[in-house]
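Try each task yourself before reading on.

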Amino acid sequence: MVMQRVSLITIGAYHVPELRSFYKSLGWDETEISSDNYAVFKTAGVLLSIFPIAELAKDAGVEFEQKPETFHGVTFAINVDSPSQVDETIEEIRHAGGKILREPSDAFWGGRTAYFADPENNLWEVAWNPSSLFDERGAMISF
């Protein structure tokens, strides 16, 4: 059986220093190994790393032809504890220079949601789900 675990997510970056600066401006803590060549941020349950996209493609053994302005086919999510935190979080992201794609609104499934893009068009959802459960570290364990 393959362990049912996500431990690290890596964003392939066109400009690591710029993307690193954006996440630092959100107030996120880095690990001690972070630099302008490779950055790792601590989150509640998964480490988020930023690595040069061409090097990531080479490491994975795949061809690389994507442009930064295209949709990458993946979204990330920051789940919060209350509906008002969606709005507050989006305002902080706006202040940090994030591009707001969808303003906070009530969702058809009973929660509240919004979307933003970081400087390299990686898409993030900020969401409150009334049935989400978090552990003592803030890691989502159910939704």
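**Exercise 1. Work out which strands helix 1 lies across, and its angle to strand 3.**

Solution. Helix 1 lies across strand 1, strand 2 and strand 3. Now take the direction of the helix against strand 3: helix 1 runs at about 155° to that strand. Keep in mind that you're looking at a predicted model. For a second case, turn to helix 2, which lies across strand 1 and strand 3. Its angle to strand 3 is about 100°.

**Exercise 2. Sort out the strand order in the open sheet of three strands, and say which strands stand at the edges.**

Solution. Start with the order, which is 1-3-2, with mixed pairing. Strand 1 (8-13) and strand 2 (39-42) each have a single partner strand, so they stand at the edges, and one side of each has no neighbour in the sheet. From one strand to the next, the twist averages 20°.

Next, zoom in on one pair. Strand 2 and strand 3 (residues 47-52) pair in the antiparallel sense, over four bridges.

**Exercise 3. Find the buried residues of helix 3 and decide how they're placed around its axis.**

Solution. First get the helix itself: helix 3 covers residues 83-95, 13 residues in all. From first C-alpha to last, helix 3 reaches 19 Å, close to the 18 Å expected at 1.5 Å a residue.

Then apply the burial cut-off, under 20% relative accessible area. The buried residues of helix 3 are Val86, Thr89, Ile90 and Ile93. They cover an arc of only 100° around the axis, which puts them on the same side of helix 3.

The face turned away from the buried side carries the exposed residues Glu92 and His95.

What covers the buried residues? The cover includes helix 1 (16-25), strand 5 (99-106), strand 6 (112-117) and strand 7 (123-128).

**Exercise 4. Locate lysine 67 and list its contacts beyond four places in sequence.**

Solution. Lysine 67 is in the loop between helix 2 (53-60) and strand 4 (75-79). Set aside neighbours within four places in sequence, and lysine 67 is in contact with Tyr14 and His72. Take the tyrosine: lysine 67 and tyrosine 14 are 53 residues apart in sequence, yet their C-alpha atoms are 9.0 Å apart in space.

How values were computed: Residues numbered from 1 in each chain as written. Predicted model: local features only at pLDDT ≥ 70, side-chain atom pairs only at ≥ 80, totals over all residues. Heavy atoms only, no water. Helix = DSSP H or I, 4+ residues; strand = E, 2+ residues; numbered from the N terminus. Expected span 1.5 Å × (residues − 1). Buried < 20%, exposed > 50% of the residue type's maximum accessible area, 1.4 Å probe, protein only. Arc of directions from axis to C-beta. Contact = heavy atoms within 4.5 Å. Pairing = 2+ DSSP bridges. Axes fitted to C-alpha atoms, helices over the stretch in contact; angles between N-to-C directions.
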